[in-house]
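Please read this note with the structure open beside you. Take the points in order and find each residue as you go.

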Amino acid sequence: MTEPQIPAKRKPLRPLPLPALAISFALGITIAAYSDLYPELWLVGMVIVFLPVILTRRCNIFLFLLLFTVLGGARYSIPILFSDPNNLGRLIDTKVIRSGEPAIIEGRVKSRPEPGDDGYRLRLRVGSIESKGEKFDASGEIMVYVARSNSQSQTLTLFDLPVGSGVRVACRPIREEAMQNPGVRSRLAMLSSSGLDAVCSVKSPSLVEITALPDWPSPIDAAARLRTYLILEFRRLLDVRTSGVVSAAIAGDRHFLDKQTSDLFREGGTFHILVISGLHITFLGGILIWLLGLVSKNRLLHLFGVGAVIWLFALTVGGEVPVIRAAIMLTVFLLARTFYRPGTGANAFALTLVVLLIWRPADLFEASFQLTTVSVAAILLIALPLLTKFRKIGEWHLSAGSPFPPNVSLPLKRLAETIYWNNTIWEIEQSGQIWKASLRKQPFTTFFTNRLLRKITARIIEAVFVSVVVQFTMLPLSIWYFHRWMPMGFLLNLWVGPLLAVECFAAIATVFSALFSETLASGFAFLAGFLNQMMLVLPKMVSDFGITGERVPIYPGFLKLLYFLYFIPIIAIVIAAHRWNPFILGRRQNHLFWAGTCSAVIGVMIAVILILHPGSSPQPDGKLYVEFLDVGQGDAAFITLPDGKTMLIDGGGRPDFRTGPEGNDSIKPSRTTIGESVVSEFLWEKGISKIDYLVASHSDADHMEGLLDVANNFTIGEFWVNREVIENKIFTELGEIARQRRFVIRKLRRGDFFDISGCRIQILWPPEIVSDALSDNDASLVFSLTYGRRRFLFTGDAEQTAETGLIQSDSDLHADVVKVPHHGSRTSSSIDFVRVVSAEYAVISVGQRSIFRHPHSEVVARWENAGAPVLITGKRGTISFISDGETLWFTTFRSDSDGGKKIEQ
Amino acid sequence: MLRLSLTSCLLLFLSFYFTSCSYGNTQIRKEVVNANKPGANTESNNSKININTASAQDLQRLPGVGRVTALRIVEHREKYGHFRRPEHLMLVEGISEERFKRMSPYVKVE
């Protein structure tokens with residue numbers, strides 16, 4: 001089809017009005033979000049800007065941009081101004097209902113229950129809430145995690161609940177911060193970005209009563225039912241890994257992915273293929289347009305046909321924000337196509353952005369929105385214009401419409417001709433003319449005599465080009481959000497994408513054929529499984545050769561500007577690509593070529609700086625920093641020694657009280673872990689990529705599990721552990737990582753000591769000779785860290801046996817700061833121990849809500865009576881102590897109490 | 001040909017939609033009706049302990065309930081009001097589904 005061209009003589013802004021408007025709209029939102037202006041001001045501003053436009057009936061372009069800026073700000077402020085006072089989130093924020101207290105919530109099921117961690121997730125639209133005998137009308141959404149019950153029938157009934165059913169849930173709704181450390185995403189921000197006001201978990205399905213069923217099934221419910229059916233059939237017919245991949249890619253449920261596969265996808269930079277978003281929607285849309293194109297050429301039909309299927313699909317896969325976003329994007333593009341307004345793509349894209357931002361203005365600051373925007377922009381504004389022009393150069397032949405040859409340098413022309421020159425067309429064209437001409441084409445053009453072969457090669461080269469451009473543009477985002485750079489990403493995407501597409505078709509064929517014949521289905525299932533293994537071959541190879549790229553920390557402070565600066569050369573490239581006209585008459589546009597090349601070089605230079613991150617870690621300033629992290633139930637303390645060496649003591653983790661988890665041992669489900677999402681994030685935010693001393697007090701999950709991620713994500717000097725360590729599964733796994741990543745494991749005992757950068761580390765426990773076998777907790781590594789006159793004591797989970805042993809061993813136990821043993825449990829902190837330590841500060845590392853009810857009140861009282869104020873990580877977030885050897889300061893992440901107080905010496 | 005196949009696809013989907021929905025709903029409907037029927041429990045009401053009035057001592061007669069749990073139940077009742085259903089006992093800290101199952105035949109709410 002031929003698209004109408006935009007006349008070239010119009011003014012520069014005219015053909016592209018929407019990008020400028022989209023940018024000013026986004027600017028308005030940003031100003032509204034980050035300035036402390038009163039939200040009402042935006043509404044007033046809107047009127048002020050509108051007035052001259054209405055009165056004079058004339059609109060200056062700057063006025064127009066200003067108007068959109070104000071509109072953006074106003075859109076952002078509206079929900080703040082007119083928020084529902086009965087919103088569940090507000091009720092909890094204003095303490096009308098307290099987070100974590102029992103309540104009875106009535107509401108309607110918003111989406112079908114989905115399998116979740118050891119149970120089901122149920123999303124409710126809240127209607128009313130009852131707490132302490134008082135009933136409130138409420139609005140908002142809550143996610144209910146329902147534990148799997150032993151009684152199957154109850155669970156099944158709940159799992160079959162149609163959308164729109166009324167339910168009454170007795171639970172403890174929770175809406176509060178947790179894991180409060182610098183660099184770790186706030187829990188409330190996570191809630192609001194997923195559109196939730198609170199979450200709660202119930203111990204049994206019997207706490208969920210069904211009060212009403214919808215009279216008429218909604219189409220969404222039918223779609224959701226189809227989805228559930230697909231997932232269950234995948235699980236029944238395909239092997240575990242394949243079904244996990246296919247459930248994610250087709251049905252949008254990543255819950256069944258196994259850890260190995262998802263790690264391979266993440267490392268290689270291909271994980272976005274598993275997340276249903278723009279790529280899938282575009283792919284599906286493309287196929288549908290092609291199919292419909294076979295039937296009819298009516299574009300209106302295309303719009304409605306493709307639109308309907310896409311939206312149904314988007315709702316079927318759970319209607320998550322990225323999917324809806326992609327559907328909106330495709331709809332806008334379809335609309336543009338229907339009305340023959342394709343423009344340059346940039347216009348339609350900008351219109352989409354405005355629509356998306358009107359829909360959810362706060363998304364502007366969300367990773368997924370930014371990733372989608374930047375990748376689509378890279379394709380539409382850099383890759384496609386360049387490729388189109390490139391193609392025109394290569395295909396050029398003498399004709400009435402294009403009498404002049406492309407005005408570009410020879411090598412470029414030769415390259416383009418090799419890929420795109422089609423001699424047949426030229427011969428046909430020439431045969432119809434009365435004249436004869438001979439074109440001096442590059443001799444290699446005859447190399448691809450086979451038309452299909454040439455076409456395939458051209459497509460592959462185009463795909464590699466697009467992929468490289470996208471990877472290059474996304475680099476700062478990928479480092480900022482995922483702390484990864486994927487050198488092989490462009491290649492892996494091209495391998496994994498098509499194979500996964502075929503695998504998905506095989507999987508659907510499996511389910512479909514299973515309706516008729518199980519034998520046929522098993523054949524397709526085999527095919528899908530085979531494709532799945534093939535798909536993972538290349539990522540595995542890349543991972544084995546270690547060319548996946550190390551994890552990258554981000555720059556702290558004002559150096560963060562680098563991530564924004566990166567986009568300046570990119571914008572320069574966009575402009576150059578837009579202005580470049582290869583068929584211009586007269587002077588060749590050499591300045592554009594140089595501008596583009598220079599920008600690319602500058603971009604690569606900044607990229608190298610971002611990847612190698614020189615000087616990102618804090619400069620040594622002769623002070624000792626000890627930071628206790630908030631990792632919920634668990635321990636983690638990060639130490640920066642006076643000369644800049646780093647040490648991490650324990651890495652948090654999820655306490656595991658289910659012995660012998662059900663299911664296959666070799667296939668580990670993929671879950672977010674504390675080691676990755678809290679401890680590693682904290683370290684990356686500090687700009688750290690190396691940990692000289694990794695220390696585990698003992699091998700309990702809530703101390704050591706997180707170290708697995710840390711050992712994988714950072715360069716480790718050595719790993720210290722107590723000599724009596726129980727060699728459980730986690731420890732074995734850590735040993736495996738140590739072997740792969742080549743760092744030594746040192747098993748320590750009393751008497752070992754280290755002098756590192758002016759600090760003395762003295763190991764106090766476990767003893768040289770152990771008469772009775774020590775329990776896991778009692779074998780904890782206990783050691784002191786002395787810098788000048790200041791002393792810290794780290795105790796792990798030591799219990800009374802260890803404490804008595806320590807006191808009897810005559811070691812000097814006095815410390816200025818003590819990490820209270822075992823999260824403040826009453827099994828530790830015996831009266832004698834507290835007295836001997838006589839600390840100035842006692843730090844308890846435990847979450848705000850401990851399932852073990854830690855810290856026990858008598859323990860807190862014991863330390864406070866001994867004169868040591870008790871600081872709890874769950875209440876204060878990260879607790880940092882700083883010392884120059886003489887003075888001791890402390891600050892806490894949450895500034896609600898006496899944080900930052902200087903302690904006089 | 002393609003028109004035909006598209007139409008048949010649409011019809012297939014519609015039929016699937018209506019059959020599956022109506023089938024699923026009647027299934028659940030039955031169970032909802034059963035669950036809401038009064039007197040589903042066979043145990044006679046007299047021997048049961050009313051958790052909204054019973055003292056901590058009485059509560060300890062329930063299987064699996066010790067002093068600590070009984071006190072927690074009483075504390076919960078005083079703090080957050082009466083229990084609406086026996087199942088709401090599971091809102092009390094430390095009462096798991098397993099423990100509730102064991103005591104549920106002897107518990108009532110009035």
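1. Start with confidence. This is a predicted model. The predictor gives the complex an ipTM of 0.79 and a pTM of 0.88. Chain A has a mean pLDDT of 86. In chain A, 93% of the residues reach 70 or more.

2. The pLDDT is below 50 over residues 657–665 of chain A. Beyond near neighbours in sequence, that stretch has five contacts in the model. Residues 898–905 of chain A also have a pLDDT below 50. There, 20 contacts go beyond near neighbours in sequence. Read both stretches with care.

3. Now chain B. Its average pLDDT is 76, and 61% of the residues score at least 70. Which element of chain B has the lowest mean pLDDT, and which the highest? The lowest value, 61, belongs to helix 1 (residues 2–36) of chain B. The highest, 90, belongs to helix 3 (residues 67–80) of chain B. Over residues 37–42 of chain B the pLDDT is below 50. This stretch has one contact in the model beyond near neighbours in sequence.

4. Look next at helix 13 and helix 14 of chain A. Their axes come within 10 Å and cross at roughly 170°. Angles over 145 degrees count as roughly antiparallel, so helix 13 of chain A is roughly antiparallel to helix 14 of chain A. On the helix 13 side of the contact are A:Ala346, A:Phe349, A:Leu353, A:Leu356 and A:Leu357. They meet A:Phe369, A:Thr373, A:Val376, A:Ala377, A:Leu380 and A:Leu381 in helix 14 of chain A. By class, this contact has 10 nonpolar residues, one polar and no charged.

5. Helix 14 (residues 367–395) of chain A also packs with helix 15 (residues 410–420) of chain A. The angle is about 85°, and the axes are 7 Å apart. Is this pair roughly parallel or roughly perpendicular? Angles of 65 to 115 degrees count as roughly perpendicular, so helix 14 of chain A is roughly perpendicular to helix 15 of chain A. Helix 14 of chain A contributes residues including A:Leu387, A:Phe390 and A:Arg391. Helix 15 of chain A contributes residues including A:Leu412, A:Lys413 and A:Tyr420. The contact has eight nonpolar, one polar and four charged residues.

6. Find the aromatic pairs. The structure holds 22 of them over all chains. One is formed by A:Tyr34 and A:Phe365. This pair is edge-to-face, with 5.4 Å from centre to centre and 90° between the planes. The pair links distant parts of the chain, 331 residues apart. A:Tyr34 is in helix 1 (residues 17–34) of chain A. A:Phe365 is in the loop between helix 13 and helix 14 of chain A.

7. Turn to the sheet. Strands of a sheet pair through backbone hydrogen bonds, either parallel or antiparallel. In chain A, seven strands form an open sheet in the order 14-15-16-17-18-19-20, and the pairing is mixed. Strand 14 (753–756) and strand 20 (870–872) of chain A are the edge strands, and each pairs on one side only. Neighbouring strands are turned by 20° against each other on average, direction ignored.

8. Strand 14 of chain A and strand 15 (residues 759–765) of chain A run antiparallel, joined by four bridges. A:Phe754 has A:Ile761 of strand 15 as its bridge partner. Helix 26 (residues 800–808) of chain A packs on the sheet and touches strand 15 and strand 16 of chain A. Helix 28 (residues 857–865) of chain A packs on the sheet too, touching strand 18, strand 19 and strand 20 of chain A.

9. Check the backbone details. A cis peptide bond joins A:Trp765 and A:Pro766, with omega about 0°. A:Pro766 is in the loop between strand 15 and strand 16 of chain A. The peptide bond from A:His854 to A:Pro855 is cis as well, with omega near -10°. A:Pro855 lies in the loop between strand 19 and helix 28 of chain A. A:Asp650 is other than glycine, yet its phi is positive, near 65°. A:Asp650 is found in strand 10 (residues 646–651) of chain A.

Conventions: Residues numbered from 1 in each chain as written. Chains lettered and ligands numbered in written order. Predicted model: local features only at pLDDT ≥ 70, side-chain atom pairs only at ≥ 80, totals over all residues. Heavy atoms only, no water. Axes fitted to C-alpha atoms, helices over the stretch in contact; angles between N-to-C directions. Helix = DSSP H or I, 4+ residues; strand = E, 2+ residues; numbered from the N terminus. Parallel < 35°, antiparallel > 145°, perpendicular 65-115°, else oblique. Contact = heavy atoms within 4.5 Å. Nonpolar A, V, L, I, M, F, W, Y, C, P; charged D, E, K, R; others polar. Pairing = 2+ DSSP bridges. pLDDT = per-residue confidence, 0-100. Phe/Tyr/Trp six-rings, centres within 6.5 Å; stacked < 30°, edge-to-face > 60°.
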